[in-house]
Amino acid sequence: IAATSTMILGTLLAFPLAWLVGRTNLYGKKFFRSLFVLTYMVPPYLGAMAWLRLLNPNVGTINVLLRALFGMAPDAIGPLNIYSLGGLIWVLTTFYYPYAFITISRAMEKMDPSLEEASRVSGASPLTTVFKITLPMMTPSLIAGALLVFISAASCYGIPSIIGAPGKVHTVTTRIIEYNGLGAQGLSDATGLAVFLMMIAIVV
């Protein structure tokens, strides 16, 4: 669930950003391209700890500000909870959408612009051109980027161990580590899960 949701959200986030830097006259393209892949360069453990500082249900900076903004009790919990499936998906998405962004943006830069120009000359709006020309041509790159995000999210251990485990949200990777410490039977279960994860990666 976490990997599939991350794949969908990551691709939905990556495509418009890739379109901005690859197919528009956006000012400062190099700056924004570097900005959009910044999380690619940050270790997952460090990023997860940063999100904990922001969205911890008790003392997270964003939660403290929201409680003050909406007049909630200072010692209340939430309203946002990073220790949940939604929180895990969000942090995974912010870290792994650059895989899709890099794949899609490079493909967009190499795409023949004359097809989009012909669409505009024929009277199509920019939005129509995106849906009828750009998206169909980008479909292979979209799929490739999405699958990269899926594999990366499914095989990640650092973020689920920090974000998911305290909220009892377990993934295949955290279960592998958990079972690995339970003796011979646990080792067999951990190996089975590892093979399962490897088979998914091979099929993808």
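Mentor: Contact here means heavy atoms within 4.5 Å. The model is a predicted one, in which local features need pLDDT of at least 70 and side-chain atom pairs count only at pLDDT 80 or more, while totals for chains, interfaces and linings use all residues. Residues are numbered from 1 along each chain as its sequence is written, and side-chain values use heavy atoms, with hydrogens and water left out.

Trainee: How many helices and how many strands does the protein chain have?

Mentor: Helices (H or I, at least four residues) and strands (E, at least two) are DSSP runs, numbered from the N terminus. Read from the N terminus on, the elements run α-α-α-α-α-α-α-α-α-α, and the C-alpha atoms fill a box of roughly 65 × 50 × 25 Å along the principal axes. The protein chain therefore has ten helices and zero strands.

Trainee: Are the axes of H1 and H5 roughly parallel or oblique to each other?

Mentor: The axes, lines fitted to C-alpha atoms over the stretch in contact, with angles from 0 to 180 degrees between N-to-C directions, come within 6 Å for helix H1 (residues 2-23) and helix H5 (residues 85-110). They cross at roughly 40 degrees, where under 35 degrees counts as roughly parallel, over 145 as roughly antiparallel, 65 to 115 as roughly perpendicular and the rest as oblique. H1 and H5 are therefore oblique.

Trainee: And which residues of H3 and H4 make the contact?

Mentor: The axes of helix H3 (residues 44-55) and helix H4 (residues 61-69) come within 3 Å and cross at roughly 15 degrees, so H3 and H4 are roughly parallel to each other. H3 brings Arg53, Leu54 and Leu55 to the contact, while from H4 come Thr61, Ile62 and Asn63.

Trainee: Does Thr93 count as buried or exposed?

Mentor: Thr93 is found in helix H5 and, leaving aside residues up to four places away in sequence, touches Thr6, Leu9 and Gly10. Buried means under 20% relative accessible area, exposed over 50% and partly exposed in between, with a 1.4 Å probe and protein chains only. Of the 204 residues of the protein chain, 38% count as buried. Thr93, at 2% relative accessibility, therefore counts as buried.

Trainee: Which residues does Ser119 touch, not counting residues up to four places away in sequence?

Mentor: Ser119 has its place in helix H6 (residues 113-121), and because its relative accessibility is 12%, Ser119 counts as buried. With residues up to four places away in sequence left out, Ser119 touches Ala124, Thr129 and Ile133.

Trainee: Which helices are included in what covers the buried residues of H9?

Mentor: In helix H9 (residues 172-180), Thr173, Thr174 and Ile176 are buried. They cover an arc, taken from the directions from the helix axis to the C-beta atoms, of only 155 degrees around the axis, which puts them on the same side of H9. What covers the buried residues of H9 includes helix H7 (126-155), helix H8 (158-164) and helix H10 (183-203).

Trainee: What is phi of Lys168 near, in degrees?

Mentor: Lys168 lies in the loop between H8 and H9, and because its relative accessibility is 69%, Lys168 counts as exposed. Phi of Lys168 has a positive value, in a residue other than glycine, and is near 60 degrees.
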